[in-house]
Amino acid sequence: MRSLSIFGATGSVGEQTVDLIRRAGGADAFRVVALTGGRNIARLAEMARDLRAEVAVCAEPSGLAELRERLAGSAVQVAAGPEAIAEAADRPADWVMSAIVGAAGLLPGIRALRHGATLALANKESLVTAGPLLMAEAAAHGARILPVDSEHSAIFQALVGEDVAAVERIILTASGGALRDWPLEALARATVADALAHPNWAMGQRITIDSASMFNKALEVIETREFFGVDPAQIEVIIHPESLIHSMVGYRDGAIMAHMGAPDMRHSIGYALNWPERAELPVARLDLAQIATLTFRAPDPARYPALRLAREVMARRGLSGVAFNAAKEVALDHFLAGGLGFMAMGCVVEEVLEALDGDLGSDSATMTLEDVQAMDHLARIRAGEIARMPRQESR
Ligand code: NAD
Ligand code: MG
């Protein structure tokens, strides 16, 4: 029986993973090792009982008593806190879903790779902050990383049977997010509710706002470079409002392989779960005659400073991806709390990268987990200071 663990089981990707696992037979078809969650203890306990998990872990130590109480009388072990999450990743499992949001997803992913698991990677922050480290761990332990981000799953599928040397360009599609049709001058006044109204994808709160600011696409450009090892100049971004083409690979003979499907994460999660086979999945089928048209437009650099910053990070290397991601996470916290304007998030990230310029280095090959964690910590402190500074107009 195949064994599996899900990190971030109670989130948007986590829930959709659990849905596919239940449809495939749940605890009768898989040995479920670990499930982890954040604050939604009730849901974590419910999943752990249903899937007969060996261990359930919540992120906050303060949630342990409730988790224990809710799982009383079951065989599920309980634990709490970041170290317990990392220890849960030490328990061998054949397939591990990495679906924690943010930099907190890095450590459990690395620990799972160390026992040779197949890591289904939704947590793009892992590759942005520590791509070379993650790839080296996978290679050292004979582990495999499968992309779950829909764009990267699309690219991965468009590369099946092809020679990577024949790739000329990778074209990442972006929906443009909730604010794509707003006038540029209005963006500075966009609220959290405005940025959360995503036209196509139902996702976690943080990634939905990152979609509106294109910080999500910026992370994905870096993720593409780290995962597929292509030159940054080969990576393009195009706005495709329908979100039906999930990304494309262009080859040197001019052919473009596009991956199409309904905007439903269960496709890429299911592809990673069943790889290298394809299983039937409960996703809507496209009616192309009804869709009739697909549209594309180039992203306006003035609206999306995040895309320019991603290029700078890729040129800079070193620990700049760590600082970029940490500053973005802190800026997003301040936006969510109402203390920072929508467009000011990009300013904060840029100012953090400038402030830390002397500490970022330029060599990524020798980075260690400790370097990554230290820079993450430092960048969060600087970003907090910068985000609290008075700022005209963008607030
Ligand atoms: P989410 O916010 O819905 O869920 C995140 C999960 O992580 C929850 O289980 C939460 O409890 C847990 N969590 C949050 N902070 C934690 C911490 N500090 N320590 C431990 N656990 C913590 O997020 P999501 O939208 O499911 O996204 C998860 C990851 O997948 C992100 O990296 C995101 O970029 C990526 N992703 C998501 C989608 C999507 O459709 N939602 C698509 C592509 C990629
Ligand atoms: Mg994506």
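Colleague: How many aromatic pairs does a search of the whole structure find?

Modeller: This is a predicted model, and the search finds five aromatic pairs in it. Take phenylalanine 156 and tyrosine 271: their ring centres are 6.4 Å apart and their planes stand at 75°, so the pair counts as edge-to-face.

Colleague: Which parts does the pair of phenylalanine 156 and tyrosine 271 tie together?

Modeller: Phenylalanine 156 belongs to helix α7 and tyrosine 271 to helix α11, so the contact ties together parts 115 residues apart in sequence. Both phenylalanine 156 and tyrosine 271 are buried. Phenylalanine 227 and phenylalanine 228 make another edge-to-face pair, with 4.8 Å centre to centre and 75° between the planes. Phenylalanine 227 and phenylalanine 228 are buried as well. Phe156, Phe227, Phe228 and Tyr271 form one aromatic cluster.

Colleague: Which elements each supply at least two residues of the lining of the second largest pocket?

Modeller: First the general idea. Rolling a probe the size of a water molecule over the atoms shows where empty space is left. Here the second largest pocket holds about 320 Å³ of space. The elements in question are α7 (150-158), β11 (256-260) and α11 (265-274). Of these, α11 gives the most, with five residues.

Colleague: Which residues lie nearest the centre of that pocket, and what classes make up the lining?

Modeller: Out of 23 lining residues, His259, His267, Arg278, Leu281 and Val283 lie nearest the centre. By class, the lining has 10 polar, nine nonpolar and four charged residues.

Colleague: What is the order of the strands in the open sheet of four?

Modeller: Strands of a sheet pair through backbone hydrogen bonds, either parallel or antiparallel. In this case the order is β9-β8-β10-β11, and the pairing is mixed. β9 (235-239) and β11 are the edge strands, each with a single partner, so one side of each has no neighbour in the sheet. On average, neighbouring strands are turned by 20° against each other, direction ignored.

Colleague: How many bridges join β8 to β10?

Modeller: There are four, between β8 (residues 167-174) and β10 (residues 245-251), and the two strands run antiparallel. As an example, isoleucine 171 has methionine 248 in β10 as its bridge partner.

Colleague: Is helix α5 mostly covered or mostly open?

Modeller: An α-helix has 3.6 residues a turn, so residues three or four places apart point the same way. Helix α5 (residues 106-114) is mostly covered, with seven of its nine residues buried. The buried residues are Leu106, Pro108, Gly109, Ile110, Arg111, Ala112 and Leu113. Glycine 116 follows α5 and has a positive phi, near 80°.

Terms used
Residues are numbered from 1 along each chain as its sequence is written. Chains are lettered from A and ligands numbered from 1 in the order in which they are written. This is a predicted model: local features need pLDDT of at least 70, side-chain atom pairs count only at pLDDT 80 or more; totals for chains, interfaces and linings use all residues. Side-chain values use heavy atoms; hydrogens and water are left out. On a 1 Å grid over the protein atoms alone, a cavity is a set of points where a 1.4 Å probe fits but cannot get out, and a pocket is an open set with protein on both sides within 12 Å along at least five of seven lines; lining residues have an atom within 4 Å of a point. Grid points are joined across faces, edges and corners, and a volume is the space filled by probe spheres set on the points. Ala, Val, Leu, Ile, Met, Phe, Trp, Tyr, Cys and Pro count as nonpolar, Asp, Glu, Lys and Arg as charged, and the others, Gly among them, as polar. Rings of Phe, Tyr and Trp (its six-membered ring) pair if their centres lie within 6.5 Å; planes under 30 degrees apart count as stacked, over 60 as edge-to-face and the rest as tilted. Buried means under 20% relative accessible area, exposed over 50%, partly exposed in between (1.4 Å probe, protein chains only). Two strands pair if DSSP finds at least two bridges between them. Axes are lines fitted to C-alpha atoms, for helices over the stretch in contact, and angles run from 0 to 180 degrees between N-to-C directions.
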